[in-house]
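This report is an introduction for someone meeting the structure for the first time.

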Amino acid sequence: MKKNLVLFILFILPIVAYLFFASGINSFAKLPTITKNVPEISSWTTLDNKPIALTGKITILGFIGQDVNKYKGNFFNLYEKIFDRNKDFKDFQMVMILPNGTQEQVRELQKDVTTLGTQAGWNFVFGSPEEITNFYNSLKLVGKLDSKLGTPNVFIIDKKRNLRGRKGHDKKGKPEYKEGYNTKFVSELYNEMTDDVKIILAEYRLALKKNHNATKELIPNEK
């Protein structure tokens with residue numbers, strides 16, 4: 001009896017856990033790639049002048065634009081539904097891109113966000129309008145930035161700098177395509193994006209186990 005229990009814990013439970021993470025609204029066991037080789041942003045400036053890289057991180061990427069207050073409510077939705085659930089993973093980060101000149105607006109926003117909790121893992125990156133436009137265009141998206149270089153959508157970038165999303169058919173066989181997630185709608189973040197982030201995390205966990213290279217990269221930090 002004890003032997004069977006040990007075998008269950010060692011072999012069956014990890015598979016059940018993986019199926020749990022990979023289940024839900026999304027019909028994909030592995031989240032499809034929308035765009036490969038997203039450019040790096042490590043040369044761009046941040047509030048604290050620390051370099052931020054996409055390589056080696058699971059990144060939630062956003063474009064806030066010139067009017068930070070316009071997306072303030074969306075920012076809170078994203079914090080509560082996505083960031084707060086995954087903030088303990090070392091290789092998970094949020095990167096928000098804004099035009100130069102919005103630094104003071106961001107500092108004011110940060111004061112409000114402190115009421116929600118930690119901001120560790122949140123990064124604000126600043127560039128010229130031309131740099132932001134060129135970078136956004138490199139993502140090869142259907143959606144466009146507004147006149148102030150913002151969008152309510154956020155995007156999932158994997159560790160190899162690939163944009164991930166939904167492409168193919170849903171469980172009912174209907175064509176499905178999703179390149180980003182609208183932070184205005186809590187239901188979309190909760191029902192769709194949460195599910196897709198789980199799949200990305202489960203994908204890397206499975207790869208680590210398969211390669212016998214288990215590390216704490218995708219394990220919550222000890223508190």
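## Backbone angles and nonpolar cores

With a relative accessibility of 58%, Asn37 counts as exposed, and its position in this predicted model is the loop that runs between strand 1 (33-35) and strand 2 (45-46). Although Asn37 is not a glycine, its phi is positive, at about 55°.

Leu149 also has a positive phi without being a glycine, here of about 70°, and this residue lies in the loop between helix 4 (129-138) and strand 6. Because its relative accessibility is 10%, under the 20% limit, Leu149 counts as buried. The table sets out the two residues.

| Residue | Phi | Relative accessibility |
|---|---|---|
| Asn37 | about 55° | 58%, exposed |
| Leu149 | about 70° | 10%, buried |

In soluble globular proteins, nonpolar side chains tend to be buried together. In this model the largest nonpolar core comprises 32 residues, and those with the most contacts inside it are Ile60, Leu78, Phe92, Met96, Phe124 and Met193. Two or more residues each come from strand 3 (58-63), helix 2 (72-86), strand 4 (92-99), helix 3 (103-113), strand 5 (122-127), strand 6 (153-157) and helix 5 (186-210), and helix 5 gives the most, with 7 residues.

Leaving aside residues up to four places away in sequence, Met193 touches Ile60, Leu78, Ile82, Val154, Ile156, Tyr181 and Glu188.

Terms used:
Residues numbered from 1 in each chain as written. Predicted model: local features only at pLDDT ≥ 70, side-chain atom pairs only at ≥ 80, totals over all residues. Heavy atoms only, no water. Core = buried A, V, L, I, M, F, W, Y, C linked by side-chain atoms within 4.5 Å. Buried < 20%, exposed > 50% of the residue type's maximum accessible area, 1.4 Å probe, protein only. Helix = DSSP H or I, 4+ residues; strand = E, 2+ residues; numbered from the N terminus. Contact = heavy atoms within 4.5 Å.
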